[in-house]
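Biologist: Before we discuss the terms applied to this protein, could you place the sequence and the structure before us?

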Amino acid sequence: MDHSFTTIVVTGSTDGLGRAVALELAAPGRRLILHGRDLERGEEVRRGAVEKGAQAQFHRADFASLAEVRALAETIGREVDRVDLLINNAGIGFGPPLQRRQTSVDGLELRLAVNYLAPYLLTELLRPLILARPPSRVINVASAGQHPIDFSNLMLTEGYSGSRAYRQAKLAMIMWTMELAAELGPQGVTVVSLHPAPFMNTTMVRQAWGVPMSSVAQGVAAVMNLVEMDIPPELNGAYFNGLSRASPHAQAQDVEVRRQLVEMTRKLVGLDAEVGAVTRTWTPGSSSA
């Protein structure tokens, strides 16, 4: 088991799985950087982490805004000189039945923006910190619900449904995980994705379905399994369903499609062609405590 992760970022930590995972990770010797949209709930989870002996800060950011994602990355870069573990958990679900198509602050399809583009951008901006002191790890919370991506209709201006939007974004996250692992694996970074548990008892699930199928504790166990296990190089980039490795949608196996996705993603989030170019506006850890 790997217990060396001391500086940890958890997104979407004010409710559901993210909150439970953050409190599970809280322990003496660990520094938690917590994220969410609700300041009051963020302060609650921060206090809970401190009570368990961890150092903890909470930062508010709305992942429907790429500018707020960038601001969050800059704040983290001022506070710490490394990130040992990043858990990209923040997301939104299908939405209420018959929910109409919504867009983000940047005019992008909302579920793609929040569930995929925001964590992609945050991870890229934190790349210098993730690479600072390997071995480090990125865990992307995806879903067993996956819909193939139609690049000619990525923003779902036609044929929209909340479930399709959600599932497309989660498959995109899995495909990006595979590409990122291939790129950063040789530098000591492990990147994996997972479906924590089916329809956990969270606000997201209750809003869309009403009746949960599994507990948040089951999801926490799945995430902690990937935090603690020794992941061999051949499993870098793997997708897990609960505690077991699984096969994602067949589209994820197409290398050319994965690369097309990443190329399109970088344009959508406004990253320069050169990796890490955006991060040059700040120096990681320049005012870390």
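Predicted model: local features only at pLDDT ≥ 70, side-chain atom pairs only at ≥ 80, totals over all residues.

Biologist: Which residues of helix 2 are buried, and what puts them on the same side of the helix?

Modeller: The buried residues of helix 2 are Gly 42, Val 45, Gly 48 and Ala 49. They cover an arc of only 125 degrees around the axis, and therefore lie on the same side of helix 2. Their cover includes helix 1 (16-25), strand 2 (31-36) and strand 3 (55-60). On the face turned away from the buried side, helix 2 carries the exposed residues Leu 39, Glu 40 and Glu 51.

Biologist: What is found at the start of helix 2, and what just after it?

Modeller: At the start, a side-chain oxygen of Asp 38 reaches to within 3.0 Å of the backbone nitrogen of Glu 40. Just after helix 2, Gly 53 takes a positive phi of about 100 degrees.

Biologist: Why is Leu 121 called buried?

Modeller: Buried means under 20% relative accessible area. Leu 121 has a relative accessibility of 0%, so Leu 121 counts as buried. Leu 121 belongs to helix 4. Leaving aside neighbours within four places in sequence, Leu 121 is in contact with Leu 66, Val 69, Arg 70, Val 269 and Leu 271.

Biologist: At what angle do helix 4 and helix 9 pack, and why is helix 4 called roughly perpendicular to helix 9?

Modeller: Helix 4 and helix 9 (residues 255-269) pack at an angle of about 85 degrees, with axes 10 Å apart. That angle makes helix 4 roughly perpendicular to helix 9, because angles of 65 to 115 degrees count as such. Residues of helix 4 in this packing include Leu 117 and Leu 121, and those of helix 9 include Leu 261 and Val 262.

Biologist: At what angle does helix 4 pack with helix 6, and what makes the pair roughly parallel?

Modeller: Helix 4 (residues 110-125) and helix 6 (residues 162-184) pack at an angle of about 20 degrees, with their axes 7 Å apart. Helix 4 is therefore roughly parallel to helix 6, because angles under 35 degrees count as roughly parallel. The residues that meet include Arg 111 and Leu 112 in helix 4, and Met 173 and Trp 176 in helix 6.

Biologist: Where does Val 83 lie, and how do you know whether Val 83 is buried or exposed?

Modeller: Val 83 lies in the loop between helix 3 (66-79) and strand 4 (85-88). Its relative accessible area is 1%, so Val 83 is buried. Not counting residues up to four places away in sequence, Val 83 touches Thr 7, Val 9, Ile 76, Leu 129, Ile 130 and Ser 136. Val 83 and Leu 126 are 43 residues apart in sequence, and their C-alpha atoms are 7.8 Å apart.

Methods
Residues numbered from 1 in each chain as written. Heavy atoms only, no water. Buried < 20%, exposed > 50% of the residue type's maximum accessible area, 1.4 Å probe, protein only. Helix = DSSP H or I, 4+ residues; strand = E, 2+ residues; numbered from the N terminus. Arc of directions from axis to C-beta. Contact = heavy atoms within 4.5 Å. Polar contact = N/O pair within 3.5 Å; in protein donor to acceptor, adjacent residues only side chain to side chain. Axes fitted to C-alpha atoms, helices over the stretch in contact; angles between N-to-C directions. Parallel < 35°, antiparallel > 145°, perpendicular 65-115°, else oblique.
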